[in-house]
Amino acid sequence: MPPTSPLRTPLLPLLLSGVITLSPGTVGAAPSEEYFYQEMPLVLTATRLEQPLLETPASVTVIDQRLIRASGALNIPDVLRLVPGMQVAYVTGQRMSVTYHGGADEFARDMQVLVDGRSVYDPGFGGVAWSDLPLELSDVYRIEVIRGPDAAAYGSNAFAGTINIITEHPTGQQGNFLKATIGEGDRRQLFARHAGGADGFSYRLSANYQEDSGFDSRPDDGLLRSLSFRGDYQGNARDRFLIEAGYSSNRIGEGFYDDPFQPPRDADHVNHFQQLRWTHTADENNEFSLQFYHNYQRIDDHLEVEVPPLPPLAYGLGFTTHRYDIEAQYTSQLGPSLRLVGGAGVRRDSIQSIWVLNREEWIERDQARLFANLEWRQRSNLQWNLGGMFEKFEGKRGLFSPRLAVNYQFATGQGLRLIASRAYRMPTLWEDNAEFVAFLAADMTPVDYLYKTLEELDPEEMTSYEVGYLGDFPRWGTRLDLRLFHERIRNTISDMHIGTIAGPWPIPGGEGAGSYMNGGHLTIDGLELDLTYEPTPAALVKLGYSLADASGEQLKDIPGDGRVIMRSLDQAVPRHTLSLLGSYRFRGGLELSSAYYYMSEMTWGGEGTEVPVYQRLDLRLGQRFRLSDSDLDVALIFQNLGGDTIDFMNSPEINQINIWTQRLYLQAQLQFH
Amino acid sequence: MNRARAASNTPAPGQARPGVSDRARTLLLLLLLLLLPPLAGAGPRILVVTGGDSDVYRQMLDSVRAGIDGFCPDVATPDCAPRLIEKGLDDGILERLGQEGERWSLIVTVGIEAARALQAREIRVPVLNTLIPRSAAAELGLSPAGEEGSRSAVFIDQPLRRQLQLIPLIRPERHRLGVLLGPTTRDSAAAVRLDGRELGLQVQVREVDDGDKVGQAVRRILSRSDVLLALPDPLVYNRWTIVNIMLSSYHSRVPVIGFSAAYVRSGAVAAVYSTPEDVGRHVSDLIRRFLADPRRRLPAPQYPRYFHVRINTQVAHSLGIELPSADDVQRRLEALEGP
């Protein structure tokens, strides 16, 4: 080969040399040869790679930052409305219940929720204290929702589904960021973040202040202060560390205006957590990680009521919980077509509450687990996943949750999947140990039971079958996931009434008490559609739809006269759940987006009631400005444009009703360079 | 693995081998040499100056030695084989160069440190800088389009066009190319745009001048790209930033094209790069050419002629990209560069 000029045409060198002499600012020092030959951290190792969606043994909905922004949502639960089959309810203006395939009350106990691999499921009452999480939407990088049971990977409670919230790596957030929101419903929010780092360590510190007045119809104001930290350290090419911690204090209004037994009052919530994870990449094919975390939740909520002729009574809903968890995981690419993920973990959950458990001592429950998943690519277009988790909870029999899935791609970008799995839902510490007592306010003598569990509960058991189709058509900017499912839940833990439970001095008119017993079943057959259409990078349409046909019943009441009264669960799942979002980015930084949500009439459990069709229309109008030292994003957000909507609770006759009215917010975000 | 192109206009070793009649004489001379070890040989002496001891230098120099093994520029001269004399910078050789400069036919520097040390001196011997990044050319007074002469270089990095040509081979249907430049690579902006356009790519270039801004810049560029091409700029691409870059690109489903094998191990779907052996082989070509040239002139600075392609099938598969084999890609790249 003749000695070639490194640059192809004679014009370029001239042009380039011009650029060199004219270019202002510093020219970086040339790197040494070591730079070209140095080892780099092994990041996307075989062990860490996700299966391509076509080969994933589950239906997965991914919500990224663009969708989050376009939705105009101000909190994580509202974002989750975009997930097909997901129902979101506001129990009060400050407490949300997010459930998949209904079947929930104010605590959606059937879903696992992870933030950066840490379970935020509340061991006390179940579900997630969404508004107490020291996590603001601006720090969320993406949310992956596994629709359907995934206990084989995430253990019991990954029952109906699993929500994986992944926060942004601090290196992507360097600098200072401010967000302010004001609007109707007395909403005022100020969020500030600083992210920095050096020498392989990067971190962010986020602080949030937020207040609003909740529903107009209820005394449910909220005032949240939270602080969170994430640090990432890349020790060397093979070891990395994650450290996270957060703290929040939340004062929220509870009660009703016209209920003497539940008068308006403030409850104080404190939530904090610590998390540490070490990941060691031995080589391209082997990775080991060790994680520890601790969650703390405390709710102070108790009151004295005076309803003559009764003496002054005291009761409360406050409790304190801890969760300590350690998990080791090993991932190994055993060969070109075989990958194994396995691990073991231990957990200690504990709860203390004089009010709802009627004892001073802590109740503890330990769990130990072993899990493995083997992924076998039998052929390039045929993959098998065989996984399972064995869990042993203190005082319970051992549980094994298996899953078998096969994925088959019959054409480029199109595939089918068949999944069979079994999952369990452990009773929460509250369900297992409920002893909710009304005390004499004067000397705290127990008077009567409001709730009392009489027997040791067994877990709920779900068997699930799924046939899925995924079509990915990049040329048309379209991705379609279609899922047919059959879910059968046995042994449902029923929130019921037992007429024979009586305290030392039964309150007149309040015979018996609430209780939990295994007894009931629920079958859900349905179809789900998750469609993303991105014809151009500027335009985005996302449609989620779920058709569910539920039938089942569970214990409602054992009055004590020999009868057993069942409650129908046919309406525990809404027949239709739909979300439709459209967004368009115009040139010049203007973005217009709108989202519509629909949910058939359904019946919520617990404090909830039957509610009519829920519809909501949101609109967001955002404009981005490039300033000299920052990016400014200003948005007008309209929520619930359609007007009054009833959510979760609909008892107007006793003035216990949640009515959403229209809301308009103005939001400004400033990212400094 | 090493399938780099052998086509070259420089004479192959066989052509320069001494004839049968010369063998006896050579043998005799060798015997004489054995008897007189202190006597210096008559062949050209090449001074190799390295920045110290490293595996990279050793691999490169082994390759240079293998390349000039048996080569004899002037059959008439007894003991004509060129001899490589290797010295570290700490040897004090540079200080003595002034006095013994004439003893060397050529000075080959290995690595940027040696190149810089020599740059600071007035030397009349032709100098070939090797294993230096292209971005050091200006600093070393090397003109990439320069004339043949007494100073030249073999860079470590790849010609931009070779890297760009890799893209259509990896993602034939996607055309949006993202390139993130820093202080070291800023000068390439115009060339990236121009060459990219010629290959039918829509090039998005973003410049960063503060290490703290890399994360944000990456996110922005990823949202508008189908492929991210990494160019060697330590501010943008380093061991600390790479974790986030790889993870963000993966989550954005944008494949990264790296500039070393380590990048492919880290998570890039592909890289075209030259190993120290590849560079050494090229250097040996240039040495032979230089020694065979009666005018003893060096060609203009060059990018490495020999290269390797490495791909990460697992990452590609996870991103849903079907890739040809590394050998196949390499052959096609070689074909594109012509003989």
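**Exercise 1. Determine how many of the eleven residues of helix H8 of chain B are buried, and state which residues these are.**

Solution. Helix H8 of chain B spans residues 241–251 and is mostly covered, since ten of its eleven residues are buried; helices here are DSSP runs of H or I with at least four residues, strands are runs of E with at least two, and both are numbered from the N terminus. Buried stands for a relative accessible area under 20%, exposed for over 50%, and partly exposed for values in between, with a 1.4 Å probe and protein chains only. The buried residues of H8(B) are B:Thr241, B:Ile242, B:Val243, B:Asn244, B:Ile245, B:Met246, B:Leu247, B:Ser248, B:Ser249 and B:Tyr250. An α-helix has 3.6 residues a turn, so residues three or four places apart point the same way. H8(B) is followed by B:Arg253, which has a positive phi, near 60 degrees.

The model is predicted: local features need pLDDT of at least 70 and side-chain atom pairs count only at pLDDT 80 or more, while totals for chains, interfaces and linings use all residues. Residues are numbered from 1 along each chain as its sequence is written, chains are lettered from A and ligands numbered from 1 in the order in which they are written, and side-chain values use heavy atoms, with hydrogens and water left out.

**Exercise 2. Describe how chain B is divided into domains, and characterise the chain as a whole.**

Solution. Begin with the division, whose bounds come from an automatic or database domain assignment: domain 1 of chain B comprises 41–156 + 275–292, and domain 2 comprises 160–273 + 307–337. The C-alpha centres of these two domains are separated by 32 Å. Next, the secondary structure of chain B consists of twelve helices and eleven strands, and 57% of its 339 residues count as buried. Finally, taking contact as heavy atoms within 4.5 Å, residues 24 or more positions apart make up 71% of the contacts in chain B with a separation of 6 or more.

**Exercise 3. Place B:Gly51 in chain B and find which residues it touches.**

Solution. B:Gly51 sits in the loop between strand E1 (45–50) and helix H2 (55–68) of chain B, and its relative accessibility of 25% makes it partly exposed. Not counting residues up to four places away in sequence, B:Gly51 touches B:Tyr57, B:Leu89, B:Val110, B:Glu113 and B:Ala114. For B:Ala114, the C-alpha to C-alpha distance from B:Gly51 is 5.0 Å, although 63 residues separate the two in sequence.

**Exercise 4. Examine the overall form and the surface of chain A.**

Solution. Chain A contains seven helices and 40 strands. Its radius of gyration is 27 Å, close to the 26 Å that the globule rule gives for 673 residues, so chain A is as compact as a globular protein of that length; the radius is taken over C-alpha atoms, and the rule is 2.2 Å times the number of residues to the power 0.38. Along the principal axes, the C-alpha atoms of chain A fill a box of roughly 105 × 55 × 45 Å. Of the 673 residues, 59% count as buried, and the accessible surface of chain A is about 26100 Å², 60% of which belongs to carbon and sulfur atoms; such areas come from the Shrake-Rupley method with a 1.4 Å probe.

**Exercise 5. Describe the surroundings of A:Asp618 in chain A.**

Solution. A:Asp618 lies in strand E36 (residues 614–626) of chain A and is buried, with a relative accessible area of 3%. Leaving out residues up to four places away in sequence, the residues that A:Asp618 touches include A:Ser71, A:Ser593, A:Tyr597 and A:Phe638.
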